[in-house]
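Visitor: I'd like to learn how to read a model like this one, feature by feature. Could you walk me through it?

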Amino acid sequence: MLSSDLLKEAERVMTICNACRYCEGYCAVYPAMELRRTFADKDLKYLANLCHNCRACYYACQYAPPHEFDVNVARVFADLRLECYREFARPALLAGMFRRNGLAVGILTAAALVTVFLLLGIFQDSPVIFAAHSGANAFYRVIPYPLFILPFSVLVVCLSAVLLWSNISFWRKTGGKLGELLDPRANLQAIGDALRLKYLDGGGHGCNYPDERFSMLRRYFHHLVFYGFILCLASTTVAAAYHHFLQWPAPYPYLSWPVLLGTAGGLALLAGTAGLLILKKKMDPLPGAPRARGMDVGFLVLLFFTSFSGLLLLALRATPAMGILLAVHLAVVAALFVAMPYGKFVHALYRFVALVRNARERSRQ
Amino acid sequence: MNARQPIETEVLVIGGGNAALCAAMTAREAGARVLLLECAPRDFRGGNSRHTRNLRYLHRSGNAYLTGPYLEDEFFSDLMRVTEGRTNEQLALLTIRESAEIGEWMQSRGCRFQPPLSGTLHLARTNAHFLGGGKALMNAYYATAEKLGVDIRYEAEVRDLEIHDGTFVSAAVSSGGFTGKVKAKAVVAASGGFQANIEWLKEYWGEIADNFIVRGTPYDTGRMLRVLLDNGARAVGDPRQCHAVAIDARAPKFDGGIVTRLDCVPFGIVVNNQARRFYDEGEDFWPKRYAIWGRLVAGQPEQTATAIVDAKSIRLFMPSVFPAIEAVTIPDLAVKLKLDPDALRETVTAFNRATRTGDFDPSKLDGCHTVHLDPPKSHWARPLDTPPYYAYPLRPGITFTYLGVTVNEHAQLMLQDGRPSANIFAAGEIMAGNILGRGYMAGFGLTIGTVFGRIAGREAARHALQ
């Protein structure tokens, strides 16, 4: 469906919903809808990103297909979100990444692996790569520290800039002033909503995922992924602090903060991504966007392998396999970072911004 | 299901809406084997219950989703008021008493409540609203019934019943092109009224019934009602009566549900196809008056009318599902509506001249009324003078019919000779006319369905397990 057709369909559906309102107890979307009588494109993009795809409204809807009104808010909003990801990709040149996102992310990961191995092959001698290393700086004997820190620093700076750029574009195109995005109370409320995944609880009993039954599984698995990711970030940050401020380079003992945090985070990520992938395989395809499947799966698989390669590296770091595993892990992490603004990760940004707008709208009532 | 092997069960439930499920769950919980036959496909299961959103029940105190108590005296007097006394008082009191704290029973079977919806705040104290509406309630009940072990068949229509001397023997069922027989020790008929059967409606309304829109399920054709009446059941309720509201004329013929309603009538005028007004649009608050407008529109030529408001009022009512027809002048609007422009201008001019400035207030019966106008407009009468003007075409939309079968306090079918049937029970719309002889009270159809569904399920199981 073209973007304009999609917006027309979203407007049609919202007009029906606004005359019904039976679903207003489920989530933030319907109360936000009720503040409006007409739906401009910017309203629809905002509402679409406020939608968490909990699917409660789809199964509760007396007008859901095969009813002739053919109301499927969950699907039209999922499609519209995908359009938003494309529209607000920055630089716009890279919007094409969202066309066949699963494939794009796969190619990106392969390219990262090839690049890292090429560099390793060119700049490092095989005996060093395939030797067992131990003690301080063991990793850096295979890949020198500057080659670690420089590319990743550049990546993180670019990444942050691009994500911020996309985010601000989305906020402004959906009708907000830049200053309003910084509203501290609204941000606090949005952070609370996001950290709890408030709107994946379907009004208290979980969402209708993977099928018609109410279940908290998706919410719990998502929590595992999110908090696992945060723990891994914390692990890296602590390690960086140890390295720079305590002059204590990696690798760290098993009973150290970087390893404990990273292990916990890695295991949570493994369980969370695996759980979400299994649920996705079982899910009812009707209240979702079939086109988004590659993107969703690509991101989950990449996260899974990031965690898996990291844990494997930890387990085998004293063996001759360390060099290869280190290279693989770094390549996967690099691919994850590069793919962030051009894949499923962006849902978090737009969702958060939509929650900020929602908090502002509600406080004005 | 095929002709050679009749299915045998203990309790057969015919129907798939609220009353049927309440009966099936109750009978199953009492230990009976239960077969439930729903004639609709799974996607459209639930009869008219799928379009509902709240239920009225007796409660001693408010709670998280009810703002205060609703006790027997008030409940009963509300019922007497809307029915103008056309009720079986014994059954009415039974319904009210048995509804006490029914919310807990519902919740333990998967129902989830929420605070009242934005369009129904006037029901906040008396009625409990289902999170997600009636289809969500039906989904929960079906899931619970399945878990309990009720055998549920969709697209299974009962065509006929074998009844000997008021006692049920078997049912002829067609399903997926096959016809089969179901034998059961007891049967619960919970298959709704006949409001979706236009041919039947024509028996009382004549050809104009072709212009009626059926707001709910197309599956309520009244076949079971007819079969029971033909087999000696005693009828109840005026067959000519139905609950009909004025809805958007662009609504689909069936199943348009809640969204096709229009709440704009009190804020403007309503004209017929002669561009003439025909009733006081501001007689009372809309929730108290919407149910008479179906009949009013049905009484107009071609069973059609048009509600017109101006820009002052467009935001005062719930948004409509179909866009308003819009024009900058009244004659232009008339052209778009295929009305006589001069006649409409005349009507609007006369109406505007009859209005008096007053304190317009949509939240109360205000003092804005017309003078020397026939018919008058008693409240909220403001001149139509601020373009653009907006119009909504209206048609009668039937919600339900009143004709049903008589039951006793055990939900047993009463026969014409005054005896109760030993093993035929009825619940829901098919017997609601015993209690709701006329008029309507929001969320009370589901009360009757729930209370009598439970009684019928309990009594049918008791009979079957004897």
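Visitor: Let's start with helix packing. How are helix 6 of chain A and helix 13 of chain A oriented to each other?

Guide: Begin with the angle between the axes, then sort it into a class. This is a predicted model, and in it helix 6 and helix 13 (residues 293-315) of chain A pack at an angle of about 30°, with their axes 7 Å apart. Angles under 35 degrees count as roughly parallel, so helix 6 and helix 13 of chain A are roughly parallel to each other.

Visitor: Which residues in helix 6 of chain A meet helix 13 of chain A?

Guide: From helix 6 of chain A come A:N101, A:G102, A:L103, A:V105, A:G106 and A:T109. They meet A:G294, A:M295, A:V297, A:G298 and A:L302 in helix 13 of chain A. By class, that contact has five nonpolar, six polar and no charged residues.

Visitor: Next pair, then. At what angle do helix 6 of chain A and helix 14 of chain A pack?

Guide: Helix 6 (residues 101-123) and helix 14 (residues 322-339) of chain A pack at about 140°, and their axes are 8 Å apart. Roughly antiparallel would take an angle over 145, so this pair of helices 6 and 14 of chain A is classed as oblique. The crossing of helix 6 and helix 14 of chain A is right-handed.

Visitor: What makes that contact between helix 6 and helix 14 of chain A?

Guide: On the helix 6 side of chain A you'll find A:V105, A:L108, A:T109, A:A112, A:L113, A:V116, A:F117 and A:L120. Helix 14 of chain A brings a list that includes A:A327, A:V328, A:L330 and A:A331. The class count is 16 nonpolar, one polar and no charged.

Visitor: One more pair. How are helix 3 of chain A and helix 5 of chain A oriented to each other?

Guide: Go back to the angle: helix 3 and helix 5 of chain A pack at about 110°, with axes 9 Å apart. The range of 65 to 115 counts as roughly perpendicular, so that is how helix 3 and helix 5 of chain A are described. A:L44, A:K45, A:L47, A:A48 and A:N49 of helix 3 of chain A make the contact with A:F77, A:L80, A:R81 and A:C84 of helix 5 of chain A. Those residues divide into six nonpolar, one polar and two charged.

Visitor: Now domains. Which domains does the assignment give for chain A?

Guide: With domains, look at the bounds, then the spacing, then the contact. Chain A has domain 1 (3-87) and domain 2 (100-353) in the domain assignment. The centres of these two domains of chain A, taken over C-alpha atoms, are separated by 30 Å. Across the boundary, 24 residues of domain 1 of chain A are in contact with 22 residues of domain 2 of chain A. Helix 5 of chain A gives the largest share of the domain 1 side, eight residues. By class, that side has 13 nonpolar, five polar and six charged residues.

Visitor: And what does the domain assignment of chain B give?

Guide: Domain 1 of chain B is written in two pieces, 7-239 + 402-464, and domain 2 of chain B is 245-397. Their centres are 35 Å apart, again over C-alpha atoms. Here 14 residues of domain 1 of chain B are in contact with 18 residues of domain 2 of chain B. The domain 1 side has seven nonpolar, six polar and one charged residues.

Visitor: How many residues of chain B are in contact with chain A?

Guide: Count each side separately: 26 residues of chain B are in contact with 25 residues of chain A. Helix 5 (residues 134-148) of chain B gives the most to the chain B side, with four residues. That side divides into 10 nonpolar, nine polar and seven charged.

Visitor: Last one: where in chain A is confidence lowest, and where highest?

Guide: Where pLDDT is low, the predicted coordinates should not be read in detail. Chain A has a mean pLDDT of 94, and 100% of its residues reach 70 or more. Confidence in chain A is lowest in helix 7 (residues 126-129), at a mean of 88, and highest in helix 12 (residues 257-282), at 98.

How values were computed
Residues numbered from 1 in each chain as written. Chains lettered and ligands numbered in written order. Predicted model: local features only at pLDDT ≥ 70, side-chain atom pairs only at ≥ 80, totals over all residues. Contact = placed C-beta atoms within 7 Å. Helix = DSSP H or I, 4+ residues; strand = E, 2+ residues; numbered from the N terminus. Nonpolar A, V, L, I, M, F, W, Y, C, P; charged D, E, K, R; others polar. Domains from an automatic or database assignment. Axes fitted to C-alpha atoms, helices over the stretch in contact; angles between N-to-C directions. Left-handed = near helix turned anticlockwise from the far one by under 90°. pLDDT = per-residue confidence, 0-100.
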